[in-house]
Amino acid sequence: MTAGPKSLKLGCSYGVRFSPDGTRLAVLGRDLVMWDVAARQKLWRGKFIAHCSSMAFSPDGSRIAIKSTTGQLAVVDAGAGQLLLNLQNRKDGEGCGPAWSPCGRYLADGGWDGRLRLRDAQTGEVLFTQEHAGQMLRAMHTIDAIDGGRRLLVQHGVRSVDEGRVQPPDYCSVWDWPPQTGGGRMALSLPGWKSCAPAPDGELLAVLRHAGGEEYLSVHALADGRCLATVPVEAGGGTGDALRWLPDGGALARIGKGKLLFYAWPGLGVLAQEDFTYPCALDFLPASPLAAIGSWESGMLMELNLHKETA
């Protein structure tokens, strides 16, 4: 794997995301920074709310939603770098999301208190709340569906139970837009669930989990939960849990301990690896070798050649 001549240092960057049209790159670190991908130029920098931890572009790329470690949400004009909406919801607490509806009218996010919320993206009004007692909503993804629609996938972590009781397995649920009472269906349930990533076509779900003191990477059919492949993998550390598919669905990337690991699909054989200092986030530009790699120390925008043999 090699870097092209136009690599760009991103600094401390614990979140990276390309815009839907691929022309811009949002980098979440101490501030939110927007880059022009082709020109390698910084478009704007802003600090809109304190302690930002996650972000998501709207489907048309015109807005970007950000969420803090306290649960506070805000919406920013992605072109001008101006704050459009601050929800002032600091008491909601930590959690996952945000995720946009396909129409761009709604924002969903989840809490470590087990609450799934749907809000109006223009006003911040809460339109729907679903509580999941004894659970933590740990991640959410907007996925494609076989019927051409879009769905919301939510990763549920079941809290520890009292000594002597059996720990229920973690699971993921799939929701139609907009979420409503009784609308979510359990798609897959597994013990020791750490992280997951839906494939670009929405048909597969990759899962990283631990069992018996070992870690495993598996790929499942999202329609019925069938396990299509599973392999043992080396244990991660720190932020070494994140998974992300390459845009063509031909490989799966994982953030490991001081490295990036790439697994071929089908088969899950190790395709390549790249040493990297404190990696914590990944995104890939479709139809391009460009990858954005977030790092607690110094992230990079770089070209990757996954088919070059590694030592």
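These notebook entries record what I looked up in a predicted model of one protein chain.

**Entry 1. Conventions**

I note that the model is predicted, that local features need pLDDT of at least 70, that side-chain atom pairs count only at pLDDT 80 or more, and that totals for chains, interfaces and linings use all residues. Residues are numbered from 1 along each chain as its sequence is written, and side-chain values use heavy atoms, with hydrogens and water left out.

**Entry 2. The chain as a whole**

I began with secondary structure, taken as DSSP runs numbered from the N terminus (helices are H or I of at least four residues, strands are E of at least two). The chain holds zero helices and 27 strands.

For overall dimensions I looked up the radius of gyration, which is taken over C-alpha atoms. The chain has 19 Å, which agrees with the value near 19 Å for a compact globule of 311 residues; the globule rule is 2.2 Å times the number of residues to the power 0.38. Along the principal axes, the C-alpha atoms fill a box of roughly 50 × 45 × 40 Å.

Burial is assigned by relative accessible area (buried under 20%, exposed over 50%, partly exposed in between; 1.4 Å probe, protein chains only). Of the 311 residues, 52% are buried.

A contact means heavy atoms within 4.5 Å. Among contacts with a separation of 6 or more, 40% involve residues 24 or more positions apart.

For charge, Lys and Arg count as positive, Asp and Glu as negative, and His and the chain ends are not counted. Each charge is placed at NZ of Lys, CZ of Arg, CG of Asp or CD of Glu. I found 31 positive and 32 negative side chains, with the centres of the two sets 4 Å apart.

**Entry 3. Aromatic pairs**

Rings of Phe, Tyr and Trp (its six-membered ring) pair if their centres lie within 6.5 Å; planes under 30 degrees apart are stacked, over 60 edge-to-face and the rest tilted. By this rule I count five aromatic pairs. One of them joins Phe 262 and Phe 284 edge-to-face, at 6.4 Å centre to centre with 65° between the planes. This pair links distant parts of the chain, with Phe 262 in strand β24 (residues 259-264) and Phe 284 in strand β26 (residues 279-284), 22 residues apart. Both Phe 262 and Phe 284 are buried.

**Entry 4. Backbone geometry**

I searched for cis peptide bonds. One joins Gly 97 and Pro 98, with omega about 10°; Pro 98 belongs to strand β10 (residues 95-100). Another joins Trp 265 and Pro 266, with omega about 5°, and Pro 266 sits in the loop between β24 and β25 (270-275).

I also looked for positive phi outside glycine. His 51 has phi near 60° and lies in the loop between β5 (41-46) and β6 (52-57). With 55% relative accessibility, His 51 counts as exposed. Ala 287 has phi of about 55° and is placed in the loop between β26 and β27 (290-303); its relative accessible area of 90% makes Ala 287 exposed.

Ser 288 is likewise in the loop between β26 and β27, and at 28% relative accessibility Ser 288 is partly exposed. The C-alpha atoms of Ser 288 and Glu 303 are 8.3 Å apart, for 15 residues along the chain.

**Entry 5. Two strand residues**

Is Leu 73 buried or exposed? Leu 73 has 2% relative accessibility and is therefore buried. Leu 73 lies in strand β8 (residues 73-77). From Leu 73 to Ser 298 the C-alpha distance is 26 Å, over 225 residues in sequence.

Arg 185 is found in strand β17 (residues 185-190). Its relative accessible area is 39%, so Arg 185 is partly exposed. Leaving aside neighbours within four places in sequence, I found Arg 185 in contact with Cys 172, Ser 173, Val 174, Leu 222 and Ala 223. Arg 185 and Ala 272 lie 36 Å apart, C-alpha to C-alpha, and 87 residues apart in sequence.
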